[in-house]
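Let's take a walk through this structure, one neighbourhood at a time. Have the coordinates open and follow along.

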Amino acid sequence: DSVNILLKKSEMFLSSAKGNVTRKLYDVACFEADQAAQLFLKAYILKFSGLIPRTHSIRTLLGHLASVPKIDKKTLNKFASEHRSDLVMLEDAYLRSRYSGEEYNKQDAQKCVEVAEKVIQLVKEVVINL
């Protein structure tokens, strides 16, 4: 089942991100945290819509999830608004961690992991009864 595979991959990326913070591989940790959040969102979008959006934007993916009937759009929109700067930071990790001449530090990596965990928890909360 593709949904379960994506959820498993999300879990693996999040676990690896946490380990890479400990190993001081901060750029990799930030990239993996972003991947964990993306894959978790994509799994549930696939589950409810039958499609996987071709985007790497967490905010866009939240919008896709909000378009699913019976999803609590208000909660998703509120989260996206209240955590906008954190979500932008996590989204930036997708490219910046690999292609930028700048590096992430420990605090950045911890923040990326924290934001990914918040996104995952949010999704769990809005889909739990569907």
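Start with a pair of helices: α4 and α6 are roughly antiparallel to each other, a label given to angles over 145 degrees, while under 35 is roughly parallel, 65 to 115 roughly perpendicular and the rest oblique. Helix α4 covers residues 73–82 and helix α6 residues 106–127; they pack at about 165 degrees, with 10 Å between their axes. Here an axis is a line fitted to C-alpha atoms over the stretch in contact, and angles run from 0 to 180 degrees between N-to-C directions. Helices themselves are DSSP runs (H or I, at least four residues), numbered from the N terminus.

Who does the touching? On the α4 side look for Thr-75, Leu-76 and Phe-79, and on the α6 side for Lys-118, Val-119, Leu-122 and Val-126; contact means heavy atoms within 4.5 Å. Those residues split into 5 nonpolar, 1 polar and 1 charged. In that tally Ala, Val, Leu, Ile, Met, Phe, Trp, Tyr, Cys and Pro are nonpolar, Asp, Glu, Lys and Arg are charged, and the others, Gly among them, are polar.

Before going on, a word on what you're looking at. This is a predicted model, in which local features need pLDDT of at least 70 and side-chain atom pairs count only at pLDDT 80 or more, while totals for chains, interfaces and linings use all residues. Residues are numbered from 1 along each chain as its sequence is written, and side-chain values use heavy atoms, with hydrogens and water left out.

Now turn to α3 (residues 58–66), whose axis comes within 9 Å of the α4 axis and crosses at roughly 170 degrees. That angle makes α3 roughly antiparallel to α4 as well. Leu-62, Leu-65 and Ala-66 of α3 meet Lys-73, Leu-76, Phe-79 and Ala-80 of α4. This contact has 6 nonpolar residues, no polar ones and 1 charged. Leu-76 and Phe-79 take part in the contact with α6 and in the one with α3.

Next, find Gln-38 in helix α2 (residues 26–49). Is Gln-38 buried or exposed? Gln-38 counts as buried because its relative accessibility is 2%; buried means under 20% relative accessible area, exposed over 50%, and partly exposed in between, using a 1.4 Å probe and protein chains only. Leaving out residues up to four places away in sequence, Gln-38 touches Thr-55, His-56, Ile-58, Leu-61 and Tyr-94.

Last stop: Arg-84, in helix α5 (residues 84–99). Arg-84 is partly exposed, at 49% relative accessibility. Its C-alpha sits 8.2 Å from that of Arg-59, 25 residues apart along the chain.

Methods: Helix = DSSP H or I, 4+ residues; strand = E, 2+ residues; numbered from the N terminus.
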